[in-house]
Amino acid sequence: MKYKEKTASEIIRMIEQDLCSISEICKTFKISRKTFYEWKKSKPEFGEAVEEAIDHREDVMTASARIGLKQLLEGYVQKKEKITYAPDKNDPANDVEKCRVVEKKFCPPSIRAIKYVLDREERKKDKDLLLASERHPLVIEVQDEETRRQLMILKGNGFRSGGSLNPEIVAAVNRELEENKKMESEELKVKNEELKNEQDKLQAQPAAAPVEKPKVNLYPFLPPGYTSRTD
């Protein structure tokens, strides 16, 4: 099918109003999905319009979701109308409204919605704390092993209290401490062996022979082979 501005406009309108999916739109205009995406790629103005329509649709859906969530959090009034009709005296073929009853019911806030918002806020705070700690790492120097262990348990529990009551966290921290001790012991052993090897090499080297100093010529002005009488 050939690209037409009118068809493109109708497609954009249907996407923006969220009336149908892309597959349903293609069936409505008797084009294939391949043709739709080829138009989107080959016609920049059509591609931009499609993306803008999708963004607008997402914005509208998000706004509607926020309104619905706000009603669930605050509570809302639900209206129910009951209309009774009766034949028209002047025109028996038609009915007229005889009675209208409007019932109003207050729906209290949803506990599930409130819990959802609070959990989302808690997750956001945890994420912000994690990002802040990555930007500015917290460095704590401890003097004893037990304080170090408790800090590791606190970290393993997401910096929340109660980690010492979790046997999995405690066991993981104990394993990490044991591994750290083994690594530190092995590193110390390697350093001691390297130091001992250096000392053995120094002891194995032969003593340097004494250097004989050259005899100083006290009479540099005499010809070679001559000496003074006093010599």
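The structure is a predicted model, in which local features need pLDDT of at least 70 and side-chain atom pairs count only at pLDDT 80 or more, while totals for chains, interfaces and linings use all residues. Residues are numbered from 1 along each chain as its sequence is written, and side-chain values use heavy atoms, with hydrogens and water left out.

Side chains of opposite charge can pair when their charged atoms come close. By the rule given above, the count comes to 12 salt bridges, and three of these pairs are set out in the table.

| Pair | N to O distance |
|---|---|
| Lys40 and Glu51 | 2.7 Å |
| Asp119 and Lys115 | 2.9 Å |
| Arg149 and Glu146 | 3.4 Å |

The salt bridge between Lys40 and Glu51 links distant parts of the chain, since Lys40 lies in helix α3 (residues 33-42) and Glu51 in helix α4, 11 residues apart. Helices are DSSP runs of H or I with at least four residues, numbered from the N terminus. Lys40 is partly exposed at 24% relative accessibility, and Glu51 is also partly exposed, at 35%; the term covers values between buried, under 20% relative accessible area, and exposed, over 50% (1.4 Å probe, protein chains only).

The other two pairs in the table each sit within one helix. Arg149 and Glu146 are about one helical turn apart because they are three residues apart in helix α6 (residues 145-156), and Glu146 is partly exposed at 42% relative accessibility. Elsewhere, salt bridges that share partners join Asp18, Arg57 and Glu58 into one network.

A negative surface patch is formed by Glu5, Glu45, Glu48, Glu52, Asp55 and Asp59. Such a patch is made of residues with over 30% relative accessible area and no salt bridge, like charges being joined within 9 Å, and Asp and Glu count as negative. Helix α4 (residues 44-74) contributes the largest share of the negative patch, five residues. Glu52 lies in helix α4 and is exposed, with a relative accessible area of 55%.

How values were computed:
Patches are made of residues with over 30% relative accessible area and no salt bridge: like charges are joined within 9 Å, nonpolar side chains (Val, Leu, Ile, Met, Phe, Trp, Tyr) within 5 Å. Accessible areas come from the Shrake-Rupley method with a 1.4 Å probe; for residues, only the protein chains shown count as cover. A salt bridge is a side-chain nitrogen of Lys or Arg within 4 Å of a carboxyl oxygen of Asp or Glu. The place of a charge is taken as NZ of Lys, CZ of Arg, CG of Asp or CD of Glu.
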